[in-house]
Each structure stands twice: as structure tokens, then as C-alpha cells.
Amino acid sequence: MNSAINSKTPIQVLTPGQRPAKIERCPAARAKGKIWIDLDNSPHVPFFAPIIEELRKRNYSVVVTARDCFQVRELADLFHLKYKLIGHHSGKSKLRKVAGLCFRALELIPTILREKPDLAVSHCSRSQLIASTLCRIPSFFLGDYEFATAWVFIYPTWHMRPEVIPDGRLPRSPSRNLKYPGIKEDVYVPRFVPDPSIRSQLGLQEQDVVVTMRPPAREAHYHNPQSDELFEAAVEILSKRPELKLVVLPRNEKQAMWIRQHWPDLFSHGKMRIPEKIVDGLNLIWHSDFVISGGGTMNREAASLDVPVYSIFRGKIGAVDQYLSKTGRLVLLQNVEDLQTKILPVRRERPTRPQDKHSAALSRIVEQMVACMESQFVPSGGMEVASERSAVGR
């Protein structure tokens, strides 16, 4: 067993008197093993970058695939990741989404048959889950939004999520579920180092009060049109304040085009801007005075950096956002009146760098991932992994 694995972590649940049976491991697995990571959406890139680095430090081989959508490719290049680009976004309709992810699953199979990974890892990549199931590869499925559309007929071998999500909101037996402390963004935010040049790169002055805005994900299955209404109202309200400058991060070129066409005067007067090239989202958040976003990741990144953040997401509020709201790290906006009364459009006192925060999320995820792949025994009734509740905590 590798020394990086926590020997105190229980890997199996055995009934009294049950004898574990040995698994026949392939030569690649004995030589540390190969882990397949699929980058299905843009937030997955910064999340998996430190995980990939940590796995390689422990001498595991990592193969990375990426879907060409939502700036995944550009971010992967920004993070200097080596990956194979497979598939793209298939559209907004449910029928096209289902057909698209099934087709991408088939596109993934030739690469996976050639690479022969020992474990398939993703953050809610359904295409990878289908492909790994068809190829009989154990899957390690991470997620932090319990209301994401699930597959009722395909389940991952292991499911890992933040500890703030209750067991009752997840499918299947809790014995297959693992937990990590904190939130997903705690995996990579502690590594962040600010670069003050970003303001000048965007044509912003140090005295400007900057609000970074992320439009809602219109093509997501959880999209609610009320989020669009709040985003448009927020732009109209904030653009009337002379001291504010608006930086907008669209999700794709189609959305960027719509924003430019909808508010041409704000662009011509320098009130609103869209970065001309991909930027480090954490760096932009850090050098903003507050954030308004219709998506979960940017909200939680701001919360993790202690930057004031207001959510205009109007889908089902997940346990992570509820937790951040209750602890005062995120403000949930429900209507236009909230935009006018709850947002404080003022300059924040920005320290030189973020406060140092120790996070156990990265080490916990990597240790459980390695433990699952390297587990040597399986109960005769099938493999189950128990979460160590006593070890989970912030």
C-alpha cells in the first residue's frame, strides 16, 4: 500500500464473518496506476490542476481529456495542462444534450481503450460516467450541487462531495459516498497569488470601483429565466453609478455578442468591458470590489477569497450556497428590490494578498482517490467504500 494513503481510513464495509477476496491487478496498477481525468466544464480546470499535480508528485500516471466548450480549452492552456480534446457542447435542448453526451461517451472510448486507465475521475462528467461504465472502469465522481440532473440507471463506483451536503440529498446508499471538508474551491484557492497588473490590462484605474459580473448559464439544465431578469436589472442599476466600472465574463462568444449588442453605449463610454482574452478568474475577483454572478463557481470563489459576492442564481439553492449564505459569505438575491437594497457598491479594503488558510480538501480528495484505486480487496457481495465521518471536518 502506498505511504500516501491514510492507513486509518476504512476502505471497505464488511459484514461480520465476511472474508475479502483479492482483486487481480494489472501490471499498470502495480506500477502505481493510471488515472483518467475528464474536464467537462470550465470550473473543472482550476479544480483539477492541483489534483493532477499532486497525483504526479505521488508517481501516478494521469491522462486528461477535455470537452471543447465554455472556455475549457483556453483555461487548460492557461494552466499548461496536457490534454486530448474530445467532443463539444451540443446545444440547449434536452434531446440534444442527451444525444450529445451519449455521442461524446462513444468518442471517449477509443482513447480510453488505448490508455487503459485504472480509475475514471471527473466532477460530474456524465459522458465519462457512461464511457467508464461501458468499459468497466471504476469511477470516482465528484459533485457539489445535489440538484444536478442524475442518471437513474448509471451510478459511479464512488461519489465524493462537500460534507455540508446531507446524506439524504444523494442517491444510493451512503456507504458508497465519501466526503471532504470545506467546499470545492478550497482545493485550489489557497494556491492563488495575486497579480496586480490585471487592472491596467483591462483599462481600469486603481481608483475605480470594479464589479465583476458573470451572466447566468442559459444553456444549463438548471437555468431559470429569473436569473436573466436579475442580471439585466443589475446592469441597468449599477451602470447609473458614475464611480462603478463593470467587467463582464460571458460564458461563450454567443453570450458575449448578445451583451455587446444589448448595451452598446456602456461599451462605447468605457463603462462596461469584456476581457479580450482569457483571464485568471481568481485574479479578477481579487482585484474587484464586489462580484455579482449567476453561476455557482464564481460565487464560491469570491466567498473563499473573502470578496463581497451577490448571487443572482434562481434555480434550486444547493446546500453549499445555503451554508455560505448562513455564514455571511454569500448574499442571495431574489428580486429587483434586493438589487437595490442588499448590494453595497463600495470600494473594499484589499490586502496585499489573501489570508493564508489551511485547507484539508485537496489532501482528503487525493488520499481517498488513491485509496479507492489502490484498494486490494473486494467483498464477495461487491465493493463498497465507507466515509470516515470522524475524519471529516473543517
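This briefing describes the fold, the sheets, the nonpolar cores and selected residues of one protein model. The model is predicted. The protein has 394 residues, of which 54% count as buried, and contains 14 helices and 15 strands. Among contacts between residues at least 6 apart in sequence, 68% join residues at least 24 apart.

**The seven-stranded sheet**

- An open sheet with parallel pairing is built from 7 strands in the order S4-S3-S2-S5-S6-S7-S8.
- Strand S4 (84-88) and strand S8 (177-180) form the edges; each has a single partner strand, so one side of each has no neighbour in the sheet.
- On average, and with direction ignored, neighbouring strands of this sheet are turned by 25° against each other.
- Strands S2 (residues 34-39) and S3 (residues 61-68) run parallel and are joined by 6 bridges.
- Aspartate 38 has threonine 65 of S3 opposite it.
- Strands S7 and S8 are paired in the parallel sense through 4 bridges, and proline 162 has tyrosine 180 of S8 as its bridge partner.
- In a regular strand, side chains alternate between the two faces of the sheet.
- In S8, Asn177 and Lys179 point one way while Leu178 and Tyr180 point the other way, and all are buried.

- Helix H14 (residues 361-374) lies across S2, strand S5 (119-123), strand S6 (139-142), strand S7 (158-162) and S8, and runs at about 155° to S8.
- Methionine 373 belongs to helix H14 and is buried, with a relative accessible area of 5%.
- The C-alpha atom of methionine 373 is separated by 8.0 Å from that of proline 138, although the two residues are 235 residues apart along the chain.

**The six-stranded sheet**

- A further open sheet, of 6 strands with parallel pairing, has the order S11-S10-S9-S12-S13-S14.
- Strand S11 (272-273) and strand S14 (331-332) are the edge strands of this sheet, each pairing on one side only.
- Strand S13 (residues 309-311) pairs with S14 in the parallel sense over 2 bridges, and serine 311 has leucine 332 of S14 as its bridge partner.
- Helix H7 (residues 225-238) lies across strand S9 (209-214), strand S10 (244-248), S11 and strand S12 (290-293), running at about 165° to S9.

**Nonpolar cores**

- Nonpolar side chains in soluble globular proteins tend to be buried together.
- The largest nonpolar core comprises 62 residues, of which Ile51, Leu55 and Phe140 touch the most other members.
- Helix H14 gives the most to this core, contributing 8 residues.
- With residues up to four places away in sequence not counted, leucine 55 touches Ile35, Ile37, Tyr60, Val62, Val366, Met369 and Val370.
- Another core, of 25 residues, lies apart from the largest one and includes Leu244, Ile259, Leu333 and Ile343.

**Packing of helices H4 and H5**

- Helix H4 (residues 94-115) packs on H5 at an angle of about 50°, with the axes 8 Å apart.
- This angle makes H4 oblique to H5, and the crossing of the two helices is right-handed.
- On the H4 side, the contact is made by Leu101, Cys102, Arg104, Ala105, Leu108 and Ile109.
- On the H5 side, the contact is made by Arg126, Ser127, Gln128, Ile130, Ala131 and Leu134.

**Loop residues**

- Most residues other than glycine have a negative phi.
- Asparagine 59, in the loop between helix H2 (44-57) and S3, has a positive phi, near 70°.
- Asparagine 59 counts as exposed because its relative accessibility is 55%, and the threshold for that class is over 50%.
- Cysteine 124, in the loop between S5 and helix H5 (126-134), also has a positive phi, of about 65°, although it is not a glycine.
- Serine 42 is found in the loop between S2 and H2 and is buried, with a relative accessible area of 7%.
- Leaving aside neighbours within four places in sequence, serine 42 is in contact with Phe70, Val72, Leu75 and Arg214.

Notes: Residues numbered from 1 in each chain as written. Predicted model: local features only at pLDDT ≥ 70, side-chain atom pairs only at ≥ 80, totals over all residues. Heavy atoms only, no water. Pairing = 2+ DSSP bridges. Axes fitted to C-alpha atoms, helices over the stretch in contact; angles between N-to-C directions. Contact = heavy atoms within 4.5 Å. Buried < 20%, exposed > 50% of the residue type's maximum accessible area, 1.4 Å probe, protein only. Core = buried A, V, L, I, M, F, W, Y, C linked by side-chain atoms within 4.5 Å. Parallel < 35°, antiparallel > 145°, perpendicular 65-115°, else oblique. Left-handed = near helix turned anticlockwise from the far one by under 90°.
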